[in-house]
Amino acid sequence: MVSADPPDLEPRPDFFVRLHVTNSGHTPALNFHSEIVLHSLTKDETFQPVYDALVETPSRGVIQPSEVLFLQSNKYPITQPQIDWVRDGRYILYVYGRMSYDDIFHVTHYTTFCKEILSESLARDCGTYNSAN
């Protein structure tokens with residue numbers, strides 16, 4: 001399960017979104033790997049996940065049952081006009097990612113997620129790109 005902290009929408013060169021990843025299973029998630037991206041689109045643009053510009057180091061590790069792992073998106077410069085556009089609905093900030101892990105039987109599982117950041121207090125699931133196996 002993935003959730004996002006409400007962001008502090010203030011102009012800064014290193015804006016990011018903090019995420020919580022929870023292992024809701026009964027066994028460890030082994031060889032956990034994640035890639036998380038933050039970017040903005042106008043409200044009329046169609047969301048498409050893009051990972052080629054990822055400059056942060058992907059995370060790797062083990063998540064124990066019921067453990068919550070805190071991750072953050074890439075750092076993204078955000079200006080006051082961009083914040084105003086998010087607040088008035090012209091722009092949407094997207095934080096999305098893909099994760100994989102191996103179960104104790106060495107079967108690999110994949111999860112994708114997408115959150116729309118609409119204000120300081122509202123982060124909701126996108127209408128697409130939220131799946132797990």
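The following legends describe close-up views of a predicted model.

In this predicted model, local features require pLDDT of at least 70 and side-chain atom pairs count only at pLDDT 80 or more, whereas totals for chains, interfaces and linings use all residues. Residues are numbered from 1 along each chain as its sequence is written, and side-chain values use heavy atoms, with hydrogens and water left out.

**View 1. The disulfide of Cys 114 and Cys 126.** The structure holds 1 disulfide, a term that denotes a pair of cysteine sulfur atoms within 2.5 Å. The sulfur atoms of Cys 114 and Cys 126 lie 2.0 Å apart. The link is left-handed, with -55° about the S-S bond. It connects distant parts of the chain, 12 residues apart: Cys 114 belongs to strand S9 (residues 108-117), and Cys 126 to the loop between strand S10 (123-125) and strand S11 (131-132). Strands (E, at least two residues) and helices (H or I, at least four) are DSSP runs, numbered from the N terminus. Cys 114 and Cys 126 are both buried; buried means under 20% relative accessible area, exposed over 50%, and partly exposed in between, for a 1.4 Å probe and protein chains only.

**View 2. Aromatic pairs formed by Tyr 96 with Phe 47 and with Tyr 51.** The whole structure contains 6 aromatic pairs. Rings of Phe, Tyr and Trp (its six-membered ring) pair if their centres lie within 6.5 Å; planes under 30 degrees apart count as stacked, over 60 as edge-to-face and the rest as tilted. For Phe 47 and Tyr 96, the ring centres are 5.1 Å apart and the planes stand at 75°, so the pair is edge-to-face. Phe 47 lies in the loop between strand S4 (29-42) and strand S5 (59-63) and Tyr 96 in strand S8 (residues 91-102), so this pair ties together parts that are 49 residues apart in sequence. Phe 47 is buried at a relative accessible area of 9%, and Tyr 96 is buried at 0%. The pair of Tyr 51 and Tyr 96 is also edge-to-face, because its ring centres are 5.5 Å apart and its planes stand at 80°. Since Tyr 51 lies in the loop between S4 and S5 and Tyr 96 in strand S8, the pair ties together parts that are 45 residues apart in sequence. Tyr 51 is buried, with a relative accessible area of 12%. Ring pairs join Phe 47, Tyr 51, Tyr 94, Tyr 96 and Tyr 129 into a cluster.

**View 3. Arginine charges over the rings of Phe 70 and Tyr 51.** A charge sits over a ring if NZ of Lys or CZ of Arg is within 6 Å of the ring centre and within 35 degrees of the ring normal. The charged end of Arg 98 sits over the ring of Tyr 51, 3.7 Å from its centre. That of Arg 18 sits over the ring of Phe 70, 4.3 Å from its centre.

**View 4. Pairing of strand S3 with S1 and S6.** Two strands pair if DSSP finds at least two bridges between them. Strand S1 (residues 2-4) and strand S3 (residues 18-22) are antiparallel and share 3 bridges; Ser 3 has His 20 in S3 as its bridge partner. S3 and strand S6 (residues 68-72) run antiparallel and are joined by 5 bridges, with Val 21 opposite Leu 69 in S6.

**View 5. Positive phi at Asn 31 and Ser 66.** Most residues other than glycine have a negative phi. Asn 31, in strand S4, has a positive phi of about 55° and is exposed at 52% relative accessibility. Ser 66, in the loop between S5 and S6, has a phi near 65° and is exposed at 60% relative accessibility.
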